[in-house]
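Please look through the sequence and the structure below before reading on.

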Amino acid sequence: GFRIGTAVAGGGHHLEQDYPDPFTSDRRYRRTLARQFDSVSPENQMKWEYIHPERDEYDFAMADRIVGFAGRHGQAVRGHTLLWHSQNPEWLEEGDFTDTELRSILRDHITTVVGRYRGRIQQWDVANEIFDSEGELRTEENIWLRELGPGVIADAFRWAHRADPHAELYLNDYGVESANAKSDAYYELSRELLADGVPLHGFSAQAHLSLDYPFPGGLEENLRRFDELGLGTAITEIDVRMTLPESGEPTEEQLDTQADYYRQALSACLDVEGCDSFTIWGFTDKYSWVPVFFEGQGAATVMTEDFTRKKSFFAVYDTL
Ligand code: XIL
């Protein structure tokens with residue numbers, strides 16, 4: 001039942017100017033996606049700004065295609081994401097709504113989107129990146145937390161559960177691979193939500209890693225403490241970026257170390273009973289978000305731009 005997943009590139013995102021949507025335009029991309037992975041996560045196509053561009057308008061076209069593709073290829077889908085501070089549409093962020101209106105906007109969105117894919121999405125990242133690195137809720141940046149208070153987190157899980165009782169509902173974040181202030185905050189929140197009977201089913205670490213930092217220590221132990229609360233766990237967005245030399249090409253040593261990071265992350269997950277999936281945030285460097293978001297960095301995925309399998313690919317393969 002263990003799944004190796006990938007983000008599906010596209011959807012009004014960082015590549016918009018340079019590429020047409022890879023899922024639509026690149027046959028090789030689609031073929032590799034179908035053959036090599038057991039699970040897919042829309043990289044952007046289910047985010048608010050994409051799927052809910054106007055208050056009274058949803059755009060399900062790409063999300064439908066991804067879910068359909070996954071169905072035809074026997075793949076699971078991880079839905080991403082319902083409550084987040086980023087990639088929200090302007091009508092929402094700039095709108096002038098009462099608290100009552102905002103609550104019903106969120107409830108309707110969750111009910112509509114989760115309900116549409118009922119039975120076809122295995123896990124939903126219900127709440128994404130709600131804590132900062134100090135372990136404080138992002139009450140300034142996150143419109144929902146700012147306007148509606150922390151209680152909205154439990155509500156979002158309840159609404160999602162009602163819309164699809166079989167979907168597993170997750171808390172998801174980066175920088176929570178080790179035990180630290182942020183992951184401690186998730187641990188406390190998880191305990192509270194579970195004690196209150198909120199339908200929370202999992203905690204996942206994105207794992208956007210970098211060779212500029214040591215491999216996050218204690219990943220396995222950290223996942224295990226959530227496992228012991230009875231939660232599922234997962235690695236949901238792994239990539240391992242690096243500062244590229246002048247040539248733009250990673251060195252052999254960098255590629256070796258990168259492979260080792262992938263291997264260590266996968267082993268940690270495999271060693272935790274309820275850690276059931278390992279999702280790479282894009283499988284080819286050709287479409288990776290990394291060079292656009294982290295200046296001078298790249299080569300973060302498991303295949304080169306021409307889809308050649310890197311040492312990291314084989315590290316994952318051999319660790320399974
Ligand atoms: C990134 C996408 O990869 C980009 O295409 C987009 O422009 C910005 O968002 N954490 C998350 C993901 O939860 O949704 C982010 O994806 C990467 C960090």
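How many bridges join strand S1 to strand S9? The model is a predicted one, and in this model 4 bridges join S1 (residues 3-8) to S9 (residues 275-280). These two strands run parallel. One of the facing pairs can be named: Ile4 stands opposite Phe278 in S9.

S1 also pairs with strand S2 (residues 39-42). Here too there are 4 bridges, and S1 and S2 run parallel. Gly5 stands opposite Ser39 in S2, and the bridge partner of Thr6 in S2 is Val40.

From S2 the pairing goes on to strand S3 (residues 76-83), with 2 bridges and again a parallel run. Ser39 has Ala76 as its bridge partner in S3.

Which way do the residues of S2 point? In a regular strand, side chains alternate between the two faces of the sheet. In S2, Ser39 and Ser41 point one way, while Val40 and Pro42 point the other way. All four are buried.

The backbone has some details to note. In strand S3, where Thr81 is placed, the peptide bond from His80 to Thr81 is cis, with omega near 5°.

Two alanines have a positive phi. For Ala207 phi is near 65°, a positive value in a residue other than glycine. Ala207 is in the loop between strand S6 (202-205) and strand S7 (208-210). Is Ala207 buried or exposed? Ala207 counts as buried because it has 27 C-beta neighbours inside 10 Å, and the cut-off for buried is 20 or more.

The other alanine is Ala299, where phi is near 50°, again a positive value in a residue other than glycine. Ala299 is in the loop between strand S10 (297-298) and helix H13. With 25 C-beta neighbours inside 10 Å, Ala299 also counts as buried.

The helices come next. Two packed helices are described by the angle between their axes and the distance between the axes. Helix H11 (residues 252-270) and helix H13 (residues 311-319) pack at an angle of about 30°, with their axes 8 Å apart. The angle makes H11 roughly parallel to H13, because angles under 35 degrees count as roughly parallel. The crossing of H11 and H13 is right-handed.

Which residues of H11 and H13 meet? From H11 come Leu255, Asp256, Gln258, Ala259, Tyr262, Arg263, Leu266 and Ser267, and from H13 come Lys311, Ser312, Ala315, Val316 and Thr319. By class, this contact has 6 nonpolar, 4 polar and 3 charged residues.

H11 also packs with helix H10 (residues 219-227). The axes of H10 and H11 come within 9 Å and cross at roughly 30°, which makes H10 roughly parallel to H11. This crossing is right-handed. Leu219, Glu220 and Leu223 in H10 meet Ala265, Ala268 and Cys269 in H11. By class, the contact of H10 with H11 has 5 nonpolar residues, no polar ones and 1 charged residue.

Definitions and conventions. Residues are numbered from 1 along each chain as its sequence is written. This is a predicted model: local features need pLDDT of at least 70, side-chain atom pairs count only at pLDDT 80 or more; totals for chains, interfaces and linings use all residues. A residue is buried if 20 or more other C-beta atoms lie within 10 Å of its own, exposed if 12 or fewer, and partly exposed in between; C-beta atoms are placed from the backbone. Two strands pair if DSSP finds at least two bridges between them. Axes are lines fitted to C-alpha atoms, for helices over the stretch in contact, and angles run from 0 to 180 degrees between N-to-C directions. Angles under 35 degrees count as roughly parallel, over 145 as roughly antiparallel, 65 to 115 as roughly perpendicular and the rest as oblique. A crossing is left-handed if the near helix is turned anticlockwise from the far one by less than a right angle, and right-handed if clockwise. Two residues are in contact if their C-beta atoms, placed from the backbone, lie within 7 Å. Ala, Val, Leu, Ile, Met, Phe, Trp, Tyr, Cys and Pro count as nonpolar, Asp, Glu, Lys and Arg as charged, and the others, Gly among them, as polar.
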